[in-house]
Amino acid sequence: MVKKEVLFMSNGHGEDLNASLILQELHKIAPDISITAMPLVGEGNAYRSLHLPLIGQPKTLPSGGIFYMNPLTLLKDVFAGLISLTIYQIRTLLKYCSRYHLIIAVGDIFPVTMAYISGRPFVAFLVSTSSFYEGKLQLPWLTRWCLRSPRCLAIFTRDAFTAEDLQQQGLHNAYFLGYPIMDILTPTGKNLHLDDNIPTIALLPGSRVPEAIDNLELLLQVSESLATLEKVQFRVALVQAIKETHLKRLAEKLGWQYHSLGILVKDTIRIECYYQAFADIIDNCNLAIGMAGTAVEQVVGLGKPVIQLPGKGPQFTYAFAEAQMRLLGISVKTIGKSYKNPYLCTEATQTIQAILKDKNYLENCRKNGQERVGKPGGSLSIATAIAKLLCSEQKIFQKSNKKKGLN
């Protein structure tokens, strides 16, 4: 019996995370399948942490792969080697693709197109787009061309609304089987030193440095304004890319005191920063102030409100934040259109105060999270579908109902 080989391709931090969660479940249910990954954007850290074999040479460009780019950012990518990197990735894929029985494209037009030109059977997980953005998904013609190929065995979506929309558009092999990012939010029981009688605000600066440092600066300024009017406690979820030296410099710049173990103090305000405590922080928070992509989606999925602050970018600009509001619905509010807004801190404080007192809105956020993001379990459901595809030469997807189309 020939050993099955699968290649996962993805184009970004959130996409890598989703792919890594699916492939871990695939390995559990089908340990004989050989799995390789090809990160198309960034360093592929989600794969590296699993010690997974990689093809290609991962590289981080100035934009971080974000498509909400202005011409200057795109030009920076070009000068940093975007064109030569893309050509190299195509050549690498064509060199190795013949060995793979199935390619899993996670992301948007880039990995889907790459999967198509490989000439191999493929599955697409459109994690980067949704019908919630515009009410009806307008796929680029190239993406639609690739997805209509008989070699595209299945299309997975990030929400049920998008799957139903694509089926109505004639892509009958589109299904929503869950959103994997909701599968990693089990609290670890980490002691966050919280007072149960005081509202907890989660601060989410993002994962890309140096942008995340700029974001954290803005979050601290808003926190300082809020703490003067409302008794709350703050917890910051940090990624490993944000070092203690970054925190010390930032504290000195803003007139805060930095204490060991990630504690920032100014007057009576105390902010605690934690690594590897994201799930614990957002599970315990009443509200999050977020300047991130995937992390904000996860908070909304837990049924909690998020305040967004437009930053300097290149990722978390107003354009990104506005699109995320359309994607995630009522649970997300963006303050102003620019980080230069002189009233940003005041407006953010007033909005947060109002939200914490609005029980009806908080209840609606809980309902909205289920609709826009969904429940845990997507990693296993998608992995099971992939395993069945690998074990059958016939298409196994039969339309059964609007929510779950997999027999």
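Reader: Why does phenylalanine 320 count as buried?

Author: This is a predicted model, and the values are computed from it. Buried means under 20% relative accessible area; phenylalanine 320 has 12% relative accessibility, so the residue counts as buried. Phenylalanine 316, with a relative accessible area of 0%, is buried by that cut-off too.

Reader: What makes phenylalanine 161 partly exposed?

Author: Its relative accessibility is 32%. Phenylalanine 132, at a relative accessible area of 13%, is buried.

Reader: How many aromatic pairs are there?

Author: The count comes to two. One of them joins phenylalanine 132 and phenylalanine 161, with 4.8 Å centre to centre and 40° between the planes. The two residues are 29 apart: phenylalanine 132 is in the loop between strand 4 and helix 6, phenylalanine 161 in helix 7.

Reader: Why is the pair of phenylalanine 316 and phenylalanine 320 called tilted?

Author: The ring centres are 5.5 Å apart, and rings pair if their centres lie within 6.5 Å. The planes stand at 50°; under 30 degrees would be stacked and over 60 edge-to-face, so the pair is tilted.

Reader: How do you know that the span of helix 15 agrees with its number of residues?

Author: Helix 15 has 13 residues, 378–390, and at 1.5 Å a residue should span 18 Å. The end C-alpha atoms are 18 Å apart, which agrees.

Reader: Which residues of helix 15 are buried, and what do they pack against?

Author: Among the buried residues are Gly378, Ile382, Ile386 and Leu390. The buried residues of helix 15 pack against strands 1, 3, 4 and 5 and against helix 1. Helix 15 runs at about 175° to strand 5, while helix 1 runs at about 160° to strand 1.

Reader: What makes strand 2 and strand 6 edge strands?

Author: The six strands form an open sheet in the order 2-1-3-4-5-6, with parallel pairing. Strand 2 and strand 6 each have a single partner strand, so one side of each is left without a neighbour in the sheet. Strand 2 pairs with strand 1 over six bridges, where at least two are needed.

Reader: Where does pLDDT stay under 50?

Author: Over residues 393–404. The protein chain averages 91, and 90% of the residues score at least 70.

Terms used:
Residues are numbered from 1 along each chain as its sequence is written. This is a predicted model: local features need pLDDT of at least 70, side-chain atom pairs count only at pLDDT 80 or more; totals for chains, interfaces and linings use all residues. Side-chain values use heavy atoms; hydrogens and water are left out. Helices (H or I, at least four residues) and strands (E, at least two) are DSSP runs, numbered from the N terminus. The expected span of a helix is 1.5 Å times one less than its number of residues. Buried means under 20% relative accessible area, exposed over 50%, partly exposed in between (1.4 Å probe, protein chains only). Contact means heavy atoms within 4.5 Å. Axes are lines fitted to C-alpha atoms, for helices over the stretch in contact, and angles run from 0 to 180 degrees between N-to-C directions. pLDDT is the predictor's confidence in each residue, from 0 to 100. Rings of Phe, Tyr and Trp (its six-membered ring) pair if their centres lie within 6.5 Å; planes under 30 degrees apart count as stacked, over 60 as edge-to-face and the rest as tilted.
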